[in-house]
Every structure is written in structure tokens, then in C-alpha cells.
Amino acid sequence: MLKVCNDWPREAFTDELVSGKYWNDFSVNAKAAAAELWRVPDMLEARRKLEELIESLAVKKVVAVGGGELPALDYLYDELAKRTELYTDKFDIARQAPQADLGISVAEFGVGETGSVCVDTYAFESRVVGMLPPVHVVFLDPAYMVRDVETAFEVIEKVFKSGYMGFITGPSRTADIERVLSLGVHGPSRFIIMAVEQGLERQVH
Amino acid sequence: MAAGKLRYEHEEHEQRNLHKEIKVKLKDGVMRDALSRFVNEYPAARLKAYDNVVSIDRLRDDLRDMKEWTVDHIDEVADEFEASIKARGGHFFRAKDGDEVKEILLKICEQEQVRRIVKSKSMATEEIHLNQALEEKGLHVRETDLGEWMLSVAGQKPSHMVMPAIHLNREQCAGFFSEELHEDVPSDIPYMIHTARRVLREEFLSADMGITGANFGIAENGAIGLVTNEGNARLVTTMPRIHVVILGYEKLIPKVRDAAKILRLLPRNGTCQRMTSYMTMVDGPTPVIYEKDGQLVEEERKQYVILLDNGRLRAAADPKLKQVYQCVRCASCLNVCPIWTLVGGHVYGHIYSGGIGAILTGLLNNMESFSQFSDLCIGCRKCMTICPGKVPIPDLIDELRSRYVKEHGLGLPEKTAFRHILTHRKVFHTLLRMGALAQKPVESGGFIRHLPLFFAGMTKGRSLPAIAARPFRDRTEELFRENPEKPVLRAAFFSGCNMDFVFPGTGESVVKVLQDLNIEVIYPEQQSCCGKPVLGTGDRETAKIIARQNIEAFEETKADIIVSACPTCAETLEKTYVELFADDPEWSERAKAFGAKVREFTSFVAECYRQAGRLMPTAGTEKVTYHDSCHIRRGLGVYKEPRELLKAAPGVDFVEMKDCDKCCGMAGAFGVKYSEISLPMLKEKVNNIKASGADTVAVACPACLMQLRGGLDQQAPDIRVRHIADILAENIAAGHSQAESM
Ligand code: SF4
């Protein structure tokens with residue numbers, strides 16, 4: 001899948017800038033922005049949570065990206081596909097996303113100051129999975145956190161030469177009618193961050 | 001189609017009846033409720049968003065410095081941006097005005113066979129009325145920001161840059177939904193949101209072209225940044241096969257990391273969020289998958305970037321006006337503006353509202369429409385305390401106003417009056433004395449309304465002070481007999497017109513307080529009005545004549561300090577005179593020497609009292625609250641000292657009131673010219689005073705004294721309004737003098 005940077009941890013992260021110690025700030029601010037935070041030990045538990053979600057929302061169609069790069073995700077998607085329609089090919093995603101009930105993608109790192117996740121969405125399909133379905137789940141490694149927006153841009157400037165990327169901070173919202181907060185006006189009304197303690201690169205047995 | 005039948009409330013060149021428009025807005029209960037609720041909640045919500053920031057001011061300085069550097073290097077930065085876009089395969093254009101943008105865009109639409117367009121909010125395209133032009137050519141154009149979409153259906157302009165539809169309630173919104181969709185839409189907010197999602201989703205999926213503005217454009221790599229909560233900008237830049245960016249030069253920033261400087265402030269000030277839901281950066285053409293001839297294909301999306309001038313480059317080259325580049329369009333200056341919060345955004349005319357709107361209109365649109373509503377800034381400077389880019393809005397308005405006057409002149413009666421009356425002290429003072437004899441406001445058309453002393457049309461809702469039978473200047477001889485024999489200092493008193501002719505008793509108090517500090521007080525007879533009313537109209541030439549007279553009058557006295565108990569005068573004497581003569585080496589030196597001696601009364605006395613150990617808080621029973629005048633709090637930065645004086649005054653139990661530093665609505669000529677706005681401001685102030693439970697409200701400014709006295713007289717006659725000088729003088733008379741307390 002096309003990305004601004006194919007390997008953020010190696011090319012953009014340094015130990016001074018990126019650390020799990022900002023997780024607490026991140027979680028407080030992400031929740032304040034109406035994001036849902038699911039912290040799980042490993043992919044197995046992530047899968048269980050997703051199966052629950054698919055069950056409870058009666059999800060029929062899922063569009064998902066990131067499997068090509070992360071074998072653990074690939075495996076997870078194969079498993080989920082046994083229960084629901086699941087599309088990972090970009091043309092399939094383009095065709096199916098408008099009717100999909102759930103989109104799944106991956107974030108590169110979190111920002112403590114704001115509760116934002118930084119998403120590398122150079123590929124068309126990675127954008128539509130996050131925008132068209134009413135629920136969006138992003139996978140995140142909780143060790144990949146930066147302190148604030150300033151440090152986030154110190155990371156970004158190392159690799160952002162062209163393409164499409166940004167932050168997502170909670171679900172799509174508007175307050176344009178009487179300043180009443182309403183979620184899901186154009187994008188998802190639920191934004192779920194799946195933080196996998198074990199990291200995303202490790203294989204599931 | 002919606003925007004095709006745009007029936008804007010007023011077009012920009014039309015001669016407007018502003019008073020009538022204001023009256024309509026003041027009667028719009030829906031809007032008034034919405035705005036006042038918002039305004040009450042905004043300050044605390046904003047601060048909460050900054051809770052986890054060490055220094056807001058440091059962030060503001062960083063942003064300002066970055067923008068300052070950029071505007072000073074705007075050509076290089078723009079060239080680099082252009083090169084970055086082209087290197088990535090984008091098409092780049094520069095447009096000198098709206099017509100050029102339209103020409104470029106229509107050509108693109110023709111070449112690319114565009115029929116359907118989705119837009120995400122862009123002030124620049126509203127500025128040039130882009131939608132109308134596109135629709136006239138038969139193109140289908142949809143705004144996708146919910147607020148903008150409703151307004152385009154309603155044929156209205158946004159009343160706020162961030163919350164365009166804040167003036168509407170849910171019933172009105174439901175009406176526009178129903179009208180546009182030809183179905184009955186109930187005024188249920190979730191239902192309406194869902195409906196908007198359904199309808200606009202179709203638009204995203206079927207559009208050929210997406211048009212966006214940009215919150216920033218990065219020269220270093222050619223990326224543009226878009227900040228939204230709804231996510232519509234993400235869809236506009238993802239679904240259609242063509243992306244057009246229209247951005248003004250002021251949006252350019254040099255480096256990727258400079259974006260952080262905007263992003264740490266803009267969401268917090270704009271929507272009280274630490275970050276908006278979506279912050280999107282698009283850098284060059286990106287892939288798009290769409291259906292072509294019945295088949296899905298993946299291609300590079302075509303990207304066209306149009307950099308709009310429309311007056312911006314001229315502003316960039318102007319040493320003063322270039323400061324508008326520091327604006328990031330967060331609209332928070334409106335949120336704290338006492339005028340906007342009463343009348344909303346529509347009366348400002350063009351697209352940008354509030355004080356910053358007046359400036360942008362002047363620069364981008366034309367000076368005629370600027371001149372029509374530039375008076376709606378009362379110079380209270382509240383906006384300057386929170387603006388992320390530290391744009392000196394009131395100063396820029398002053399600057400534009402004076403340029404306008406220089407070019408077009410003042411109206412005839414005003415011109416005659418200012419030139420011939422205000423510059424001749426004796427004539428002016430004789431007129432004032434005549435006013436005293438008649439004991440009623442002297443009316444004389446255009447001139448009188450600019451003087452704070454005359455009150456044509458001001459009687460409703462407040463009482464008028466009489467002009468004193470014996471002005472201060474006639475009382476000095478007796479007073480100065482009490483001057484100390486061996487003074488520690490020689491102070492020249494600058495009374496200002498109000499204290500001279502309306503509150504001479506307060507002038508006496510000032511003298512007594514100074515004398516009690518063992519200071520000799522003198523009164524240069526040749527002093528006149530400080531010139532602020534003339535400056536307010538933009539007539540700097542006349543103000544210079546007055547300034548020279550005052551400087552000369554005080555130079556002769558050889559006084560150590562110049563004391564003024566009117567903060568507006570003090571600010572004018574200390575700061576504005578120096579600016580007035582910036583290009584005149586001789587007078588510039590004299591103005592600086594003069595200004596260096598000026599002391600605002602309460603801060604000066606507090607300093608003396610502190611040295612003398614007289615600033616100890618005392619416990620009293622009389623509840624006293626304090627109203628900060630705009631000029632003392634934000635013009636001079638003085639707010640602790642008046643409170644310290646009050647807390648130390650025997651018998652006083654000091655209490656704060658809500659919004660203690662919100663303008664009382666006087667603001668010089670404004671209170672007269674726009675009494676319909678000034679009165680509700682006064683009423684709010686009076687309510688806050690009442691709610692504080694105070695018996696007395698203290699002020700440090702004679703203009704506020706006049707306004708508050710007039711208001712309380714009618715609405716709460718039991719509450720007294722007093723200048724701090726009077727409270728201090730009374731205590732001295734009661735025996736709490738310096739000698740005793742030492
Ligand atoms: S002038 Fe300042 S406060 Fe007003 S919109 Fe611009 S940045 Fe915001």
C-alpha cells in the first residue's frame with residue numbers, strides 16, 4: 001500500500017521523541033475528544049474485541065487496510081472474514097466502502113497533548129476505510145507516542161515529502177446547529193483506537 | 001439550485017443604513033440568545049483547552065514571529081511553494097483577483113469536463129463570490145460544511161468564520177432543510193444531521209472536482225493543511241478525481257514544523273478543542289480510484305493550486321498592514337468582541353466580520369465598505385488579549401481609518417468643527433462654557449456627536465450629566481494655595497475635557513491626593529483636549545496640531561511628571577503622540593520626552609502608597625466593586641493597582657463583579673453614534689454590578705464614570721459610582737492622611 005513513509009519506526013522515530021510514557025496524556029485527551037480507547041495485550045484479544053463489535057453491531061461488511069504490511073493484521077483479517085464480508089483489495093474497498101459498516105486501518109503514532117493519532121493515508125483505500133463507514137477502528141502501538149504537536153511535527157518533517165497524511169482526533173463531529181455536539185455528520189460517528197500492547201509487528205503464533 | 005438564488009442581505013457597494021440593520025439584529029431574539037449563551041461559555045472553555053500548555057503567550061509569540069518572518073520574505077516563500085507544487089506534479093497558478101480565479105477555474109472545468117463540484121469551507125472563495133460565478137456557467141456546486149450548506153440554501157452569508165450558522169436555531173435550520181430537499185424535515189437535530197449525511201454523501205460520491213481552501217500551505221514541501229471537525233475536507237480531497245486549492249498568500253508558511261505553531265493555537269482558540277477531529281495535509285497529486293467508462297481505475301488525482309492576491313501583496317509590502325498576515329482566521333476576536341456579541345456578524349457587510357473583518361474588507365474588498373462599518377470597533381482591545389497571532393486589530397483599524405480620511409477627507413461639518421474649534425482652545429472652551437450656561441446638550445450636527453461631552457440622542461436608558469457651572473480650570477487658584485511648601489515632586493495635571501468640564505470635583509480630588517503625598521501640583525492653562533476624539537475619526541493632521549499645543553504647554557512648566565486621571569488621555573499622551581510624530585524627528589523627540597513623564601493617576605498613587613506603607617488591606621463594611629476601563633486595563637496594562645488602592649481604603653470591603661473588564665459601552669464617540677448598541681452594553685454592565693452586591697462601583701476613568709452614572713441613575717439609583725480619586729480624597733479629609741499613617 002502506498003504510504004508517505006513505509007517504515008515510520010525506523011525512518012522517523014527516535015527514542016527522544018517517541019515513547020510510551022506519553023500514553024496517559026494521550027488516553028485522557030483522546031477520550032475527551034470522544035474517541036473510544038481499547039487497550040489490549042495482544043492480537044488475540046484484539047480479535048476477540050472485534051468479533052464482539054461485529055456481533056453487537058450486526059456488521060455485514062468490513063473494509064480493512066494494513067494487512068499487506070503487517071502479517072499479524074493479515075491473519076486477523078482472515079479470521080474475521082469467516083464471520084463477515086471483509087474486503088482488503090483496493091478496488092474492492094473503493095466499490096464496497098460506501099455500504100460498509102466498519103472500516104479498519106492503522107495509525108503510526110499518538111500525540112499526548114491532543115489525543116490525536118497520526119495517520120499515513122497516502123493510499124486512496126486507506127482514506128475511504130476511515131471516512132465512509134460509520135465506525136472506524138485504528139490499530140495503534142501504545143509505545144509509539146509523542147509528547148505534543150510540536151514533537152509530532154519533528155517526527156513528521158523527517159519523512160513528509162509528498163502524499164496525504166494527518167491527524168484524527170475522535171469521530172466526525174459538528175456543532176453547526178445550535179452548537180449542539182452531534183457525531184458522525186460526514187465521517188464515522190464512532191472512532192475506536194485499538195492499542196495493542198504487544199505491538200503490531202509481532203506475529204501471532 | 002440553492003446558491004444560485006443567493007439573495008445576500010446587502011451587496012458590498014450598496015449605500016447601507018447601518019442603524020436600521022443594527023436595529024433588526026438587536027431585535028432578533030434567536031440570534032441574541034445564541035450569541036449571549038456562547039459568549040458566556042467561551043472564555044472558560046477556551047482556557048480549559050489550554051490547561052495543558054505551559055505558556056499561551058509563548059505559543060502566541062512563536063506564531064507571530066513565524067508569520068512576521070514569512071510576510072517579510074513573502075516572495076521567496078511563494079516561489080518556493082510554487083516550485084514544490086510543480087515538482088510534485090501539481091499545476092500552479094497565481095491570480096491577482098477574483099476574476100482571474102474564476103477564469104482559471106472555468107477553464108479547468110471545461111478541459112476536465114467537470115459537471116459536479118463539492119467544496120469544503122473556504123473564506124477565500126466566499127470573498128470572491130466563486131459559487132455564483134460557477135453556477136452561472138451551469139455547474140452544480142455544493143458546500144459540504146453543514147453550516148455553510150444550510151446558509152447556501154438559505155441565501156445567507158456566514159455570521160462567523162468558524163460557526164457560520166450560529167445565528168440560526170433548529171427550527172430555522174429545519175426550514176432550510178425542508179426547502180432544499182422538498183420534504184418535511186422535523187427540527188430534530190440528530191434527524192437533521194443524519195439527513196445531511198445522506199444527502200451530502202451522494203454529492204461526495206458523484207463529484208468530479210473538489211475545491212478547498214487551506215489553513216496553511218507549506219513552502220518547503222508544497223503540502224496544504226486543512227483543519228475540520230466534520231471531515232468534509234477529507235472527503236472533498238479524497239473522492240473526486242480533481243482537487244483545486246484556492247488559498248491566499250497569508251496562508252503560506254515556510255517549513256513543515258511551522259504548522260505546529262498554528263495547530264497548537266487555532267483549534268483551542270477557534271473551537272476550544274486541543275485538536276479538531278481532522279487535520280489533513282495533502283501534498284501533491286495523490287491516488288484516486290473512480291469509475292471511468294463503467295470501470296474502476298486508479299489514477300493520480302489532478303491537483304490545481306491557485307494562489308490568490310486580491311490585495312494581499314500590497315498589504316504585505318506595507319509596514320503596518322502586513323500584520324494581518326498574523327491572522328489564522330480562528331474568529332476568536334469575534335467571540336470576545338462586545339459589539340459582535342450583540343449584533344452578530346451580518347452588519348459588518350462583506351464576508352469577514354468583526355474588527356478583523358473590517359480590516360480584511362478594507363484590504364481585500366474596498367475602502368468604501370470599510371469606511372461604512374469601521375466605527376463598529378470601539379477600540380476596547382479585548383481581542384488583542386487572546387488573538388493567537390497577536391494582530392493589533394484596533395490599531396490597524398485606526399490606521400486604515402486615518403488613511404481613508406487622508407484620501408477622502410472628513411464630512412464637511414466635522415472637518416470645520418475639528419479644524420477650527422478643537423485646535424483653538426479658547427473657542428472650544430467657550431463653547432463648552434456656553435453649554436454649561438444653557439444647562440442642556442448643545443446640538444450641532446456632525447461635530448458635536450464626536451465629543452464625549454455632548455449627548456444628542458443619549459437620554460434613553462441613562463441620565464446625562466450636566467456641564468459644571470465652574471470648570472476645573474477656574475478652581476485651580478484656590479486649590480494650589482494648599483500646595484506643600486517643600487514638595488518632593490512637581491506634578492503638572494492634565495485634566496482632560498471630562499474632568500475639566502463635567503467632573504471638576506474629581507479633578508479637585510486628584511489634586512488633594514497628590515498634595516497629600518507632598519507633591520506640588522500645577523495646571524498649565526494652555527492645555528486642551530488630548531485629541532482622542534479627533535483621532536477616532538481618523539483625522540491625524542488635526543490631532544497633530546492639538547498634540548503640539550499640549551506638548552508646548554507642558555514643556556514650559558518644567559514639571560517632573562505629568563499626571564492624568566483619565567486613562568484614555570494618559571494613553572494618548574504617552575503612546576499615541578509618539579506614534580503620531582514618528583516621521584518628524586524634532587517633534588518625535590519632544591513627544592518622547594513628554595510621554596516619558598506621563599503617569600496614570602491610580603498606578604502612580606499606588607506606587608507612592610506602597611513606598612509609604614499605606615497599601616495594607618483593611619477590613620471594611622462598604623461593599624465596593626471595580627470596573628476596569630478598556631484603556632487602563634488593556635491600553636496601559638494597569639489593573640492591580642486600582643484594586644490595591646481600594647482594598648487598602650478604610651471602610652471598603654472589596655468584591656469583584658462578573659466581566660469586570662468588559663467595555664461599559666461608552667468608548668468615546670461610539671456611545672453617541674451607536675447608542676442603540678451602547679445601551680445594551682451598559683445594561684449588561686449594570687446587571688453585573690447589581691449582581692456583585694456592591695454599594696459602590698469604583699472606576700479610574702471619567703468616561704466610564706459618566707456612562708455608569710447615567711446607567712445606574714436610571715436602573716439602580718442606590719448604587720454609587722465614584723472615581724477612585726474621590727474615594728481616596730474623602731479618606732484623606734476624614735483624617736487618614738499620610739502624616740497620620742506614618
Ligand atoms: S485576528 Fe486573531 S483572533 Fe481574530 S481571527 Fe485572526 S487570528 Fe483569530
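This is a predicted model: local features need pLDDT of at least 70, side-chain atom pairs count only at pLDDT 80 or more; totals for chains, interfaces and linings use all residues.
1. Extent of the interface. Chain B contributes 69 residues to the contact, and chain A contributes 56 residues. Putting the two chains together buries an area of about 5,100 Å². Carbon and sulfur atoms account for 57% of that buried area.

2. Polar contacts and the side of chain B. Between chain B and chain A, 38 residue pairs are in polar contact, with both residues at pLDDT 80 or more. On the side of chain B that touches chain A, the element giving the most residues is helix H10 (residues 189-206) of chain B, with 8 residues. This side of chain B is made up of 36 nonpolar, 15 polar and 18 charged residues.

3. Salt bridges across the interface. Side chains of opposite charge can pair when their charged atoms come close. Between chain B and chain A the count is 9 salt bridges. One of them joins A:Glu113 to B:Arg264, with 3.1 Å between the closest N and O atoms.

4. Strand pairing between the chains. Strand E9 (residues 163-168) of chain A and strand E9 (residues 278-283) of chain B run antiparallel and are joined by 6 bridges. Within this pairing, A:Gly166 has B:Thr280 as its bridge partner in E9(B).

5. Salt bridges in the whole model. Over all chains, the count comes to 72 salt bridges. Among them is the pair of A:Glu36 and A:Arg190, whose closest N and O atoms are 2.7 Å apart.

6. Surroundings of the ligand. The ligand is surrounded by 13 residues. The closest are B:Cys327, B:Cys330, B:Ala331, B:Cys333 and B:Cys387. By class, the shell around the ligand consists of 11 nonpolar residues, 1 polar residue and 1 charged residue. Cys is counted as nonpolar in this division, a point to bear in mind when reading the figures for the shell.

Notes. Residues are numbered from 1 along each chain as its sequence is written. Chains are lettered from A and ligands numbered from 1 in the order in which they are written. Side-chain values use heavy atoms; hydrogens and water are left out. A residue is near a molecule or strand if one of its heavy atoms lies within 4 Å of it. Contact means heavy atoms within 4.5 Å. Buried area is the accessible area (1.4 Å probe) that two parts lose on being put together, summed over both. A salt bridge is a side-chain nitrogen of Lys or Arg within 4 Å of a carboxyl oxygen of Asp or Glu. A polar contact is a pair of N or O atoms within 3.5 Å; within protein, one must be able to donate a hydrogen and the other to accept it, and residues adjacent in sequence count only if both atoms are side-chain atoms. Helices (H or I, at least four residues) and strands (E, at least two) are DSSP runs, numbered from the N terminus. Two strands pair if DSSP finds at least two bridges between them.
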